[in-house]
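Morning, everyone. Please bring up the sequence and the model, and I will walk you through the disulfides, a cavity and a helix.

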Amino acid sequence: MRGWLLSLLFVALPAAAVQEITDVLPSGAHVRVAVPDGWQAGDTLLLYQHGFDMDPDDNPDLGPLRDLQLAQGYAIAASGYAQSGWALFSAAQDNRDLVTYVSERFGAPGKLVTMGGSMGGLIALKLAESRGFEQTAGVYALCPPAAGARTWDAAFDLRLAYDAVCQGVGGGELLKGDEPLSWAMNLADIPESMGDLSGSRSVQQTYARIHQCTGVALPNWLRTPPQQERLQRLMQFGPFGSEDFLLYNLAYASFGLSELVRAPDKLAGGNPFTSLDVNYGDALIDTRVPRIGADPLAAFDLARASTLTGRVGAHTRIVSLHTDGDELVRLSHQQSVRTLYGTKALSMPVDEAVGSHCGFSSAELVAGWEQLRARMAESQSSWNTPRLVEDCATAIRQGWTGPCRFAPDLAVDTLATTMRPRNAHLAQEADPAWAALSGSWYDRERSGEGVLI
């Protein structure tokens, strides 16, 4: 489940002397820094953010455009983060530590550029809004879950829906955890490493349970009628067009969601999710789903770490690409990008024949990057979609692999299409800056802490 950005075949680029170092910071985060010859204090530093990874990242890479960006004179740095999984709770501080590390060894950078894919795309956006990154000139966010905390509502709903649909199916029910979070696996049942899915007993057992309920591992003609009915119900619930995407989403709803709420360095057993007022649109699911209320402090913690506000520097420019067939991080997340950042952002769908998560061609990635560079340099005063297409064609002529599938007129659905509305989120959705929220919260189990907005 790492990152999901495709591997690229790099074209030949002019040779440049590069100093590259790796290290481990006091926080435990592994870092990698590459500095091209001639880079000096005051020049631009690119901070690359990797995607969701349940494995600790002890060998961070510098992104799919590494060689091109180094040849263009950018220094690049990446942190493996102090946390695995949903690393939003530590990512901003991890990157502050990284900038300090670069400054001490090579000199303080001038402008910053942030870049990442999937969860890394959300972190790239979040950094531009965060203290210590006021000099961010550009953000390159690839298929970001820009709805922030709401992204996990979809995983929570799918987990409850699966439990409802597969209730009473012998061997088909997913592992439950300790009350009151029975829908979240205990930490001991979450594999320490998911890098090799075939070698993880916990993952194999979970997959076998899903197969027992839905027959998803079998060709359609070998599935029993009850399996076919249960699978079809879950596919419609998503909705999913691909059974592979159903499995990917169930993996996040089983392992990623459970680790998020139970990990002591994240929500520590607090539940930020509610099903109290959710209409699931399916009579059986609506009848069987338990109606669960959220812990306001946990909901605030998750939103504070994960949800975007739209407040970036006046001169910050953003390019965000998204594959339209993505059923893991839906194209509808681009509505958040467009609503929050307005004319500061270019939000561009890629029209693909077969759905993928972040399945961009290398030429598309180069074109999006060049569009961002032109806006940061103010060599173009507004977003230039024709130039984006031209840059992609130029990249192919230079040896980057195509195709070019930018689709500026492609409709982007609202988040409510796949994220079921919740009254608790109405104020947040109406006002991204949360200006309408006020109040104070205190949890007697967390004496000495409080939240005042």
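Start with Cys 392 and Cys 404. The torsion about their S-S bond is about -100°, so this disulfide is left-handed. What do I mean by a disulfide? I mean a pair of cysteine sulfur atoms within 2.5 Å. Here the S to S distance is 2.0 Å.

Before I go on, two notes on the source. This is a predicted model, where local features need pLDDT of at least 70 and side-chain atom pairs count only at pLDDT 80 or more, while totals for chains, interfaces and linings use all residues. Residues are numbered from 1 along each chain as its sequence is written, and side-chain values use heavy atoms, with hydrogens and water left out.

Back to the pair. A disulfide joins Cys 392 to Cys 404. It links distant parts of the chain, twelve residues apart. Cys 392 sits in helix H12, residues 385-397. Cys 404 sits in the loop between H12 and helix H13 (426-430). Helices (H or I, at least four residues) and strands (E, at least two) are DSSP runs, numbered from the N terminus.

Is each end buried or exposed, or in between? Buried means under 20% relative accessible area, exposed means over 50%, and partly exposed lies in between, with a 1.4 Å probe and protein chains only. Cys 392 is buried, at 0%. Cys 404 is partly exposed, at 32%.

How many disulfides does a search of the whole structure find? Three.

Next, Cys 166 and Cys 213. Their sulfurs are 1.9 Å apart. The torsion about the S-S bond is about -85°, so this disulfide is left-handed. Cys 166 lies in the loop between H4 and helix H5 (201-214), and Cys 213 lies in H5 itself, 47 residues apart. Cys 166 is buried, with a relative accessible area of 0%. Cys 213 is buried too, also at 0%.

Now Cys 143 and Cys 358. Their sulfur atoms are 1.5 Å apart. With 55° about the S-S bond, this link is right-handed. The two cysteines are 215 residues apart. Cys 143 is in the loop between strand S6 (136-142) and helix H4 (151-165). Cys 358 is in the loop between strand S8 (345-350) and helix H11 (362-376). Cys 143 is buried at 0%, and Cys 358 is buried at 0%.

Count the bonded cysteines along the chain, and the pattern reads 1-4, 2-3, 5-6.

On to the cavity. On a 1 Å grid over the protein atoms alone, a cavity is a set of points where a 1.4 Å probe fits but cannot get out, and lining residues have an atom within 4 Å of a point. Grid points are joined across faces, edges and corners, and a volume is the space filled by probe spheres set on the points. The search finds one cavity of 30 Å³ or more. The largest cavity holds about 380 Å³ of space. It has 24 lining residues, and those closest to its centre are Thr 151, Ala 154, Ala 155, Asn 249 and Leu 328.

Which helix gives the largest share of that lining? H4, with six residues. H4 and helix H7 (243-262) each supply at least two.

Last, helix H3, residues 119-128. It is mostly covered, with ten of its ten residues buried. Among them are Met 119, Lys 126 and Ala 128.

Key:
1 Å grid on protein atoms, 1.4 Å probe; cavity = no way out; pocket = protein on both sides within 12 Å on 5 of 7 lines; lining within 4 Å.
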